[in-house]
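This report covers one protein structure. Please look at the sequence and the model before reading on.

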Amino acid sequence: MDVDIDHYLVLGLPTGEEGVKLSEKEISKAYRAKALELHPDKRQDDPDAHANFQRLKSSYEILKDEKERNAFDDRLRARLEQQRRQTQQDSRKRKLVSDLEERERAAFAPDTSAVARKEDERINKKFRDEIAAIRAMHANKGTAAPPPKTTNETSRKESMGGSSNGLDKEKVLKVTWEKVDSDYSPDTLKELFSMFGNVEDVVIRSTKKRGSALVVMESRDAVVAATGTTCGDLSNPLLVVPLHPTVAADFPSFPKPVEKDPLDKIVGKGYQDYEDSVMKKLQKVAHKNK
């Protein structure tokens, strides 16, 4: 007997638990209908018609016998259970294989986050390069030749430390005045000091409370002639001293200090106090002359 034959299926009946529940009447009815279909007289052209009909009869004989049917049902249940377990195992195997393949694909697939980081780095680098190019372009445009220095700037440089032309500081006067209602311009100072000699340049250096200027004369004699004079507006007189301390300051209107050369030793705050003192005396003289 072929243990792999499902007798219920041979008779055209449902198998498994449904076949086990079939009655003998249902089995006989199914046999008769199938016998009419597979009878060799109706299948003369089918060489397997006789064998198929004999197998139908054998299956019916087994299912008709209660003992044989119970044994077959037990074997059928065991075979179906084995198939179920095999199916579950196959399903687990397929799942394991699928998971393994997925992990392999993930391992060899490019990292999307790394790709995104590389793209961000590329964009940032391109942006930095563009900024550097723009800055370089503006830097090249901004390297134009500096504008020529004005006469006042040149004179200021010379007065603060000398220039390549070798300005003689002994030809420079330092002029200060109080900043009141009236103020002095370079043209005004140039006109005032032109009476002592040719004025080469005038540089204004003023603060909020006090005005000052450097007057560059043509000769040292002009500096000596202008030193100690009272000139300018009587309401706002000018204090005139030489920039270079070696020029002796002669103030005929006031008693000279005991020291031989006061300007040679007065520096820093002492020099400022000296200027303030002389300025006050000049203002007093201006008031008396009114």
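## Partners of strand β3

Glutamate 178 has arginine 210 of β3 as its bridge partner. The model is predicted. The strand that pairs with β3 here is β1, residues 172-178, and the two are antiparallel, with 7 bridges between them.

Strand β2, made up of residues 199-204, also runs antiparallel to β3 and is joined to it by 5 bridges. Across from methionine 217 in β3 stands valine 199.

## Burial of strand β3

How many of the 8 residues of strand β3 are buried? The count is 8 of the 8, over residues 210-217, so the strand is largely enclosed by the rest of the structure. Buried here stands for under 20% relative accessible area.

In a regular strand, side chains alternate between the two faces of the sheet. In β3 both faces are covered. One side holds Arg210, Ser212, Leu214 and Val216, and the other holds Gly211, Ala213, Val215 and Met217; all of these are buried. Arg210 and Met217 therefore count among the 8 buried residues of β3.

## The protein as a whole

The protein contains 11 helices and 5 strands. Its chain has 290 residues, of which 27% count as buried.

Among contacts with a separation of 6 or more, 60% come from residues 24 or more positions apart.

Definitions and conventions. Residues are numbered from 1 along each chain as its sequence is written. This is a predicted model: local features need pLDDT of at least 70, side-chain atom pairs count only at pLDDT 80 or more; totals for chains, interfaces and linings use all residues. Side-chain values use heavy atoms; hydrogens and water are left out. Helices (H or I, at least four residues) and strands (E, at least two) are DSSP runs, numbered from the N terminus. Buried means under 20% relative accessible area, exposed over 50%, partly exposed in between (1.4 Å probe, protein chains only). Contact means heavy atoms within 4.5 Å. Two strands pair if DSSP finds at least two bridges between them.
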